[in-house]
Amino acid sequence: MRSEPAGGDPLLPSGGEPADATDPAFETVRPGQPTPGRIGRVGPGADEGLADPGDLGRRQRHELWMRRALEVAVTGPAGAGVADEAGGTTVDDVPVGAVVYGPDGAELATGRNERELTGDPTAHAEVLALRRAAERLGRWRLDGCTLVVTLEPCTMCAGALALARVSTVVFGAWEPKTGAVGSLWDVLRDRRLNHRPEVYSGVLENESAALLRAFFR
């Protein structure tokens, strides 16, 4: 469950949930701006009031899962390209990795960005991981599942996550150019949608960003 901050924070609506850009109180927030955080700061990294900083078990679990996603970003799922001597793939795809975990914490599926490998514009890591998880479970609804990805999802992937009914999304590095979970848009917390996953951002952010910087160097 989302942890809800205590006290009369003026940025919190009457329902007690963190405010988002669709709230009347934020009519002055320009469409496309990141969602204001609890402490009144707009932009990536604002305290959204979703994660409990004191919950070491959850934080450690998210970091463990993110390390697995980073591994997938570097090596790719089995059969995704030809491995080189350094353990990476020879395909020139941006290294983004995603892993779907079931309600019991078991790994269900992985995905690595394969747009160049497959010539498919929808072959983002998140979409591939969702497809494989749904195939394994035999259903499109991924209730109770967690998707962990090394980079903030784009609008396509954020939409897919909401439509798949994923319960929790954990991501590493922010993507200021295309991010749709707080950077350019905040799709997953738009109250007009009938499903909004719980979101944890910036998990192993430095490691995730370093991997991307090394690729684009």
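**A chat about helices, a pocket and a recorded site**

Visitor: Where is His62?
Guide: His62 has its place in helix 1, which covers residues 56-75, and please keep in mind that we are looking at a predicted model.

Visitor: Is His62 buried or exposed?
Guide: The relative accessible area of His62 is 6%, and since buried means under 20%, His62 counts as buried.

Visitor: What does His62 touch?
Guide: If we do not count residues up to four places away in sequence, His62 touches Val170, Tyr200 and Val203.

Visitor: New topic: which residues of helix 4 are buried?
Guide: In helix 4, made of residues 155-163, the buried ones are Cys157, Ala158, Leu161 and Ala162. Looking down the axis of helix 4, you would find these buried residues within an arc of 140°, so they line one face of the helix.

Visitor: And what covers them?
Guide: The cover over the buried residues of helix 4 includes helix 3, together with strand 3 (146-151) and strand 4 (168-173). Just after helix 4 comes Arg165, which takes a positive phi of about 60°.

Visitor: Where does UniProt place the "binding site"?
Guide: The UniProt record, an unreviewed entry, places that feature at His124, Cys154 and Cys157. These residues span 34 residues in sequence, yet no two of their C-alpha atoms are more than 9.3 Å apart, so they gather at one spot. Of these residues, His124 and Cys154 are included in the lining of the second largest pocket.

Visitor: Where do Cys154 and Cys157 lie?
Guide: Cys154 lies in the loop between strand 3 and helix 4, while Cys157 lies in helix 4 itself. Cys154 counts as buried at 13% relative accessibility, and Cys157 counts as buried at 0%.

Visitor: What do they touch?
Guide: Leaving out residues up to four places away in sequence, Cys154 touches His124, Glu126, Thr178 and Ala180. With its neighbours within four places set aside as well, Cys157 is in contact with His124, Glu126 and Val127.

Visitor: Back to the second largest pocket: what is its volume?
Guide: The second largest pocket has a volume of about 400 Å³. It is lined by 16 residues, and the closest to its centre are Val94, Arg115, Leu151, Glu175 and Thr178.

Visitor: What kinds of residues make up the lining?
Guide: The lining of the second largest pocket divides into 8 nonpolar, 3 polar and 5 charged residues. Helix 3 (125-137) and helix 5 (205-216) each supply at least two residues of that lining.

How values were computed:
Residues numbered from 1 in each chain as written. Predicted model: local features only at pLDDT ≥ 70, side-chain atom pairs only at ≥ 80, totals over all residues. Heavy atoms only, no water. 1 Å grid on protein atoms, 1.4 Å probe; cavity = no way out; pocket = protein on both sides within 12 Å on 5 of 7 lines; lining within 4 Å. Points joined across faces, edges and corners; volume = space filled by probe spheres on them. Helix = DSSP H or I, 4+ residues; strand = E, 2+ residues; numbered from the N terminus. Nonpolar A, V, L, I, M, F, W, Y, C, P; charged D, E, K, R; others polar. Buried < 20%, exposed > 50% of the residue type's maximum accessible area, 1.4 Å probe, protein only. Arc of directions from axis to C-beta. Contact = heavy atoms within 4.5 Å. UniProt positions renumbered as here; feature names shortened; annotations may be inferred.
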